[in-house]
Amino acid sequence: MKKKHLFWLLLPSYWLLTAVAILVMAFYTFHSMSNLYFQALEKDISIRALLLSEQVAPLVTDEKFSEIDALCKKIGATANTRFTVILPDGKVVGDSNKEPDTIELHDNRPEIKQALHGSSGMDIRFSRTVRKEQMYIAVPLKNDRQETLCAVRAALPMTDINSELGKMTRQVVIVSILTGLLAMGVCVYVVRRITTPLLGMSSAARQFAEGDFHHRIPAQQTLEFDQLAEALNSMSEQLNQTLSSLSEQRNEQNAVLTSLDEGVLAIDKRERVIHMNRVAGEILGVEYTDAKSQLVQQVVRFANLQEFIKSVLGSQQPLQRDMCLRSDDEKQIQARGTVLWNAEEQSIGALIVLRDITHLRHLETIRSDFVANVSHELKTPITSIKGFVETLLSDEWNHEPDILRFLEIINQQSGRLNSIIDDLLILSRLEQKKGRVLSEKVALAPVIETAIYLCQLQAAKKNIQISSICPKDLEFEINVPLIEQALVNLIINAVKYSENDKKILILAEKQHHQIVIYVKDEGFGIEHKHQDRLFERFYRVDTARSRKLGGTGLGLSIVKHIISAHEGSIRVESRVGIGSTFIITLPLTASANPGA
Ligand code: ADP
């Protein structure tokens, strides 16, 4: 709908009001004036009738009708008034305009009827005698006994009063039109005084909306407009302050994000870039200042990272993935992604944090190669030391007891060293595979059975019973020797860290798209503070006990590597004195396949 200006909305109503007021005033004035005229005329005619009645009174008593008629004619001509004298039987005995004999009986005239009844009467009507509209007033002439002797009537034409009224109407109309025009002008002035400040304020508000907060609305003459102007001015000031502090905050945030060592990429739900910092631009090889509002596919040209961003946008959980970005050079990055929520807890996009771990990976490779090389180098001398010590301990040699005791210590320690080197070599091999393991689709139940079988001897020594529950049809892609090794490590730990006569249960089941394996014991349990660090190399809860039991401190670390190579995860739930449960989660179809 087309909007009207306030000016054109107010003005017609003001005009209408003024017109109605003027019309009412004109009508009232006209009415009062015409009443006044009528009353004055009525009074004038009455006085004329009374004056004549005084003069005709003696003539009526003496019945001198011809003199009455002559008097009527004489005074009528002088006063320019029609006079008539009528007897109670209606007979006209005197008339200023006609001969009484020629006039019919007048007793049916309303004013005369009333006068003959004793009170004065009045009527306005067209007179056939003078051919004009006339006002007639008849007064009774009474004797001493209050009997009506006759009626004396005076009449004047209405022409004068009508022309006076016509004149007055014209004047009232002219004055009304002039007043109306003046009032219209005044209305225009008043409406302008209302709308002009409003126009000024609306243009100021437009300037505020365009960001010009320095503009000020001047003080207004009316209280209400002045208050409105003040309110708008203070609103603009507050807006200015809020916007300044917001832009300050944004600059601070930008400064923080820009100086971060990690790349930050914020994406909205339509996969458009909301923000990209400098480091993200360097990692992705794009100009970070141009990235805003672009589609993520235009900014990120790496299929694996695009796919990761898509999975973050579609997931409720934070995700993390290491990946290689191949362009002119090869970059190893660690990508972490989480869904972005707004204040109403609705997802509005995703935040991706990218860390360049190429250098870290390089150092890890150097370290891993070093450990592998050292382990290899140590393996040969330690194998020969162990061999010679075992030979010296054989029955062929008859050693002194002390020498025998020393040789046994050397044998025990070189055995420990050998185990450590074996575990280190396993770890190095796993690391060199860099997460890629050769997998085959097999049933899980036999793998668990073999692992239990391999631990049976050690369990029997402590009378520990190992049982398993695993659906026979539970099949999925795994590297059998590695999963077997992981299960053996966990079962051996469960045996090592349990009292005699306890029980161990291995339970495997399918949950959604995952396989979950529980290795549950009734052993000593692990305090909560150790649980996070358990899978670190050489981390032991009780070093002395571990050493005594022949532990290397590398068992759980190997398990963790094996599970990671299958893209799975491992965690522990444990309570001291009650027991521990190691929980392995593996995806039903592992994507990391060829390579080893
Ligand atoms: P270790 O060769 O010492 O057993 P692991 O890496 O296999 O090394 O285990 C690390 C530490 O975790 C162990 O020293 C032990 O203290 C603790 N641990 C592992 N498994 C269990 C278990 N089932 N119950 C109690 N403690 C355990």
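Figure 1. An oxygen atom of the ligand lies 2.9 Å from a backbone N or O atom of Leu 556. A polar backbone atom of Gly 553 is 2.9 Å from an oxygen atom of the ligand, and a polar side-chain atom of Asn 493 lies 2.8 Å from a ligand oxygen atom. Of the 530 Å² of accessible area that the ligand has on its own, the protein covers 97% (Shrake-Rupley method, 1.4 Å probe). This is a predicted model, in which local features need pLDDT of at least 70 and side-chain atom pairs count only at pLDDT 80 or more, while totals for chains, interfaces and linings use all residues. Residues are numbered from 1 along each chain as its sequence is written, and side-chain values use heavy atoms, with hydrogens and water left out.

**Figure 2. The shell around the ligand**. There are 20 residues around the ligand (a heavy atom within 4 Å), and Asn 493, Tyr 497, Asp 521, Ser 546 and Thr 552 come nearest. By class, the shell has 9 nonpolar, 7 polar and 4 charged residues; Gly counts as polar, and Asp, Glu, Lys and Arg as charged.

Figure 3. H12 gives the largest share, 3 residues.

Note on methods
A polar contact is a pair of N or O atoms within 3.5 Å; within protein, one must be able to donate a hydrogen and the other to accept it, and residues adjacent in sequence count only if both atoms are side-chain atoms. Helices (H or I, at least four residues) and strands (E, at least two) are DSSP runs, numbered from the N terminus.
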